[in-house]
Amino acid sequence: RMLKKLSDDSIVGGLQITVEEATNETEKEKAQVIINQTKIDCMIDDKLEGWGKVCLREGDLFLQVYLDEQARKIYRLKKLATVLTFSNMDSEGNFAEGQSAYYQEHPLTRIKTKEFETWQIVHIPWEYEDGQPYGEPMFSSARLAWKRLDSGEKNVTIRRATRAGKRLQHKIGSADSPDWQLVNKYKIENRDTLDNPVAASQDYFTTGNIDINEIGGDSELGELKDISHFEGLVFMASGIPVALLSGGREESINRDVLEEQEEDFYRVIGALNKTFENGLRKVFNLALLLQGINPDAVKYSFNWGNKDRSDLTDKIDRAMNMQKLGYSFETIHHELGFKTTYEEELERIKKQVSENIIPYGISMIANAAVMQMLSGAQPQQQGNQIEQLIAKLDELKLLAEEQITPSKIVAMKR
């Protein structure tokens with residue numbers, strides 16, 4: 001569940017890839033088409049969640065690249081079994097000369113079954129250290145804690161099943177003259193009750209020589225501090241706040257602590273996004289190269305969407321504050337984590353305006369301009385000013401292209 005939580009949250013908001021620079025505008029548009037088509041053909045959006053879980057769980061993700069040689073494009077990325085795939089990287093981080101970069105072995109005979117060149121495999125390691133052939137599973141540092149947690153939970157279950165119920169001590173006769181025949185006789189006479197320890201009521205019929213005393217069950221069955229300790233160590237390895245997966249345990253919810261833990265959680269999410277970004281760049285660079293475009297001359301960025309949980313009102317306030325500080329509209333759009341790119345959103349606004357659908361924000365600007373223009377005007381002057389304003393408001397179409405601000409609207413009327 002932890003791996004699913006991390007993997008799911010890492011792709012919240014979707015993945016958008018935007019070509020920002022290229023040799024010329026034509027090549028920029030072509031590069032964008034190639035990247036978008038490769039993303040669709042390889043079903044990257046659909047597979048990211050599963051790939052993320054494998055990468056975190058096993059420490060390495062190996063993807064085999066399939067090429068359409070005639071169309072000169074990548075049409076598939078296939079996940080290979082991590083336990084059967086190996087790297088020929090040496091201790092200095094270089095692939096051995098004269099050997100394939102990667103290979104697969106038979107699980108029983110250890111005989112090589114397949115060999116791959118460097119471009120055929122996209123290796124995405126987690127917690128990778130330079131010079132190491134493989135990554136590190138997320139929970140490798142928590143293996144001992146997990147074993148102790150698992151053992152502790154089993155022990156608690158057994159302990160509650162065997163030591164929770166109370167016991168009864170039957171004293172028959174006296175210590176000075178023990179009589180086991182009397183004990184056996186007593187057991188026979190009370191067999192129905194003795195053989196049914198879960199009976200709602202238990203009645204014993206005795207003489208004055210028999211005494212029945214209650215022996216209480218284990219009084220510390222609810223003590224789980226050791227379990228909570230090892231559980232905390234496991235959660236610590238994942239970076240997920242305990243409260244997000246604990247079912248709302250009261251002791252796990254502290255707002256101040258939770259906010260700090262969430263910051264760490266989003267750092268882990270960011271690290272996972274960056275890990276996949278490094279791996280997917282190899283895919284897209286190869287796709288560009290196959291179409292005759294030098295990937296070194298193309299600059300493109302990954303937008304994984306905004307991962308915070310703030311509501312729309314908080315986002316709007318943040319956007320307004322960023323605008324006051326002078327941030328560009330494109331930067332604000334990216335910060336809010338919209339699934340569309342900035343360019344796509346502009347095209348949608350242009351389409352709305354062409355269909356005479358004025359966005360609400362533009363309507364508010366127009367209303368503000370009307371109020372400012374007509375304030376203090378005489379009734380005979382208002383008619384002419386309204387006509388002038390209507391003519392000027394036709395220029396609001398420029399808003400989709402030039403981001404006309406209220407100050408520009410006021411300037412237009414002058």
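In the predicted model, Glu277 is buried (under 20% relative accessible area, with exposed being over 50% and partly exposed in between; 1.4 Å probe, protein chains only), at 12% relative accessibility. Arg281 is partly exposed at 25%. The two residues form a salt bridge (a side-chain nitrogen of Lys or Arg within 4 Å of a carboxyl oxygen of Asp or Glu), with the closest N and O atoms 3.4 Å apart. Both lie in helix H9 (residues 255–290), 4 residues apart, and are thus separated by about one helical turn. Helices are DSSP runs of H or I with at least four residues and strands are runs of E with at least two, numbered from the N terminus. Salt bridges with shared partners join Lys274, Glu277 and Arg281 into one network.

The whole structure contains 8 salt bridges. One of them pairs Lys73 with Asp41, at 3.5 Å between the closest N and O atoms. Because Lys73 belongs to strand S3 (residues 73–80) and Asp41 to helix H2 (residues 25–41), this pair ties together parts 32 residues apart in sequence. Lys73 is partly exposed at 31%, as is Asp41 at 22%. Arg110 forms a further salt bridge with Glu105, the closest N and O atoms being 2.9 Å apart; Arg110 is partly exposed at 45%, whereas Glu105 is buried at 13%.

Residues are numbered from 1 along each chain as its sequence is written. For this predicted model, local features need pLDDT of at least 70, side-chain atom pairs count only at pLDDT 80 or more, and totals for chains, interfaces and linings use all residues, while side-chain values use heavy atoms, leaving out hydrogens and water.
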